[in-house]
Structure formats: structure tokens, C-alpha cells
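Please read the points below beside the sequence and the model.

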Amino acid sequence: MKRVLFKKLIIVMAIALILTIGLRISSSRSFQFYGNILQKVETQDKVVALTFDDGPTELTSEIIKILAELDVNATFFVTGKELEDNLGAGINLVEAGHELGSHSYSHQRMIFKSPAFIKNEIEKTDQLIRQVGHQGEIHFRPPYGKKLVILPYILRDYDKKTIMWDLEPESYPEIASDRKKIVEYVTENVKPGSIILLHIMYESRSESLNSLVGIVETLREKGYSFLTLSQLLKTNN
Ligand SMILES: [Zn+2]
């Protein structure tokens, strides 16, 4: 009787361990089982990429204007659903010289989903991104940064890179609520090849949008220039 209990206990502990490791890997910025995952680019050049997740939304035209005044081209990981609802905004982003990447169609966690579901999310979004005029590779960034086994495996089949980030100032609430602190955080932690993640497509993130001028001006003073993700990837050395 005791041995049976002991065996059960071992099994429960093993399952708990596997789940813990799995969840940690699914959120890891730099590890996945298959394919190409990128947190930052290895380069000696003082170059970085600004990347924005979600949208496009009705704020897109204001964002395009701000980036044009700063003379910066950025990369937008859009969701297929929002792009479908705002095709004009997508066209305007491409025409303004920004890069589009895929952030899935419906912005759900891509873990514990069937391969068919994930493939549909990728293909539908890619089709919309092509429809608004994006040329070249379409990189992928998983919603919530979540991936496990199936997503990376499928992305490898599509020959897609998983693009993460190395700077996420908004993950700290006391920083996210203050544009000056966002600028400070990015300036202090930036490295050659950094990929900066911000959410600027929603009103709730106005401090992020308002931090752009400060980020660009301060990093330029430090000798950095801004590239789209595909341009940044080419500096890999
Ligand atoms: Zn997102």
C-alpha cells in the first residue's frame, strides 16, 4: 500500500516538474526546441530596431506622423484580425517604409493549440500582410511571447524566424507609466543589435507612444541608428 502511494507521489512530482519546465520554456526569450529564435542581433554596429506589437488601430496615422518626423522606420507585429479591420492603416504603414511582421491572427496563446489552428493563424495573417503590400520575409512574434513545441516546429516548416526582444521597459509597471523612465530604461540597457519592444497602438499606452521622441533623440546622441528588423538582421556579424 505504501509503495503504491509512493509511486503515485513520484508520478505527481514528475508531472509538476515537467509542467514547470514547460511553462518556463514557453516564455523563454532565448530558447525554443526548434528553429530560429532571436532576442537581439549580434553586431558591433550601433544599430537597434524599434518593434511595436498589436494593431493596426485608429492610432496608426498619428504613429506614422510621429515616426516620419523622427525619420525612423520601425517594425510592426500586427495581428491578422486587426489588420483585416484596418487594411488602410496597413497600406499606410507599408507605404511609409515600415516593416510588417506577424503577431498571429487572433492573438491567442499559441500553446496547447492544434497544428491546424496554428497554421491557419499564420497563413491568414501572412496573406493579409501581403495584401497591404509588404514584400520580403514575414517574421513572427508569438502573442504574449508564448511558444512551446508545436508553434516553433511549424514556424520552422514555414522557414520563419521567431523574433523576441531584449528590451521591454513596459514589463515594469513603475517604468511603463512614465515616459521619462521608459527613455531612461532603454538608454541605460541598450546594446548594439538590441530589439526594443513597445506597445503604442492603444490609448492605454500613451506613455509608450510619448516616449518615442525621447528614445530616438537620446539613442542618436549615443551614436545609435534605427533600422527595421530585416535591415537589423543583415548586420548580424
Ligand atoms: Zn501582443
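1. Lys 161 is partly exposed, because its relative accessible area is 21%. Here buried stands for under 20% relative accessible area, exposed for over 50%, and partly exposed for what lies in between, with a 1.4 Å probe and protein chains only. This is a predicted model, in which local features need pLDDT of at least 70 and side-chain atom pairs count only at pLDDT 80 or more, while totals for chains, interfaces and linings use all residues. Residues are numbered from 1 along each chain as its sequence is written, and side-chain values use heavy atoms, with hydrogens and water left out.

2. Glu 137 and Lys 161 form a salt bridge, with the closest N and O atoms 3.2 Å apart. Glu 137 is partly exposed, at a relative accessible area of 40%. A salt bridge is counted when a side-chain nitrogen of Lys or Arg is within 4 Å of a carboxyl oxygen of Asp or Glu. Helices (H or I, at least four residues) and strands (E, at least two) are DSSP runs, numbered from the N terminus.

3. How many salt bridges does the structure hold? There are six. One of them joins Asp 126 to Lys 160, with 2.8 Å between the closest N and O atoms. Asp 126 belongs to helix H5, and Lys 160 to the loop between helix H6 (150-157) and strand S5 (161-163), so this pair ties together parts 34 residues apart in sequence. Asp 126 and Lys 160 are both buried.

4. A salt bridge also links Glu 207 and Arg 179, whose closest N and O atoms are 3.2 Å apart. Since Glu 207 is in helix H9 (residues 206-221) and Arg 179 in helix H8 (residues 179-189), the pair ties together parts 28 residues apart in sequence. Glu 207 counts as buried because its relative accessibility is 19%. Arg 179 is partly exposed, with a relative accessible area of 37%.

5. The aromatic pairs come to two. Phe 52 and Phe 76 make a tilted pair, 5.1 Å centre to centre with 50° between the planes. This pair links distant parts of the chain, with Phe 52 in strand S2 and Phe 76 in strand S3 (residues 75-78), 24 residues apart. Both Phe 52 and Phe 76 are buried. The pairing rule takes rings of Phe, Tyr and Trp (its six-membered ring) with centres within 6.5 Å; planes under 30 degrees apart are stacked, over 60 edge-to-face, and the rest tilted.

6. Is the pair of Tyr 172 and Tyr 185 stacked or tilted? The ring centres of Tyr 172 and Tyr 185 are 5.4 Å apart and the planes are at 40°, so the pair is tilted. Tyr 172 is in the loop between S5 and helix H7 (173-176) and Tyr 185 in helix H8, so the pair ties together parts 13 residues apart in sequence. Tyr 172 is partly exposed at 35% relative accessibility, whereas Tyr 185 is buried at a relative accessible area of 16%.

7. Two contacts between a charge and a ring deserve a look. Arg 109 lies over the face of Tyr 144, 4.1 Å from the ring centre. Lys 124 lies over the face of Tyr 105, at 4.0 Å from the ring centre. The rule asks for NZ of Lys or CZ of Arg within 6 Å of the ring centre and within 35 degrees of the ring normal.

8. Please check the backbone at these positions. The peptide bond from Gly 55 to Pro 56 is cis, with omega near 5°, and Pro 56 is in the loop between strand S2 (47-53) and helix H2 (60-70). Ser 104 is a residue other than glycine with a positive phi, near 75°. Ser 104 sits in the loop between strand S4 (99-102) and helix H5 (115-131) and is buried, with a relative accessible area of 0%. His 107 has a positive phi near 55° and is in the loop between S4 and H5.

9. Phe 6 is in helix H1 (residues 2-27) and is exposed, at a relative accessible area of 52%.
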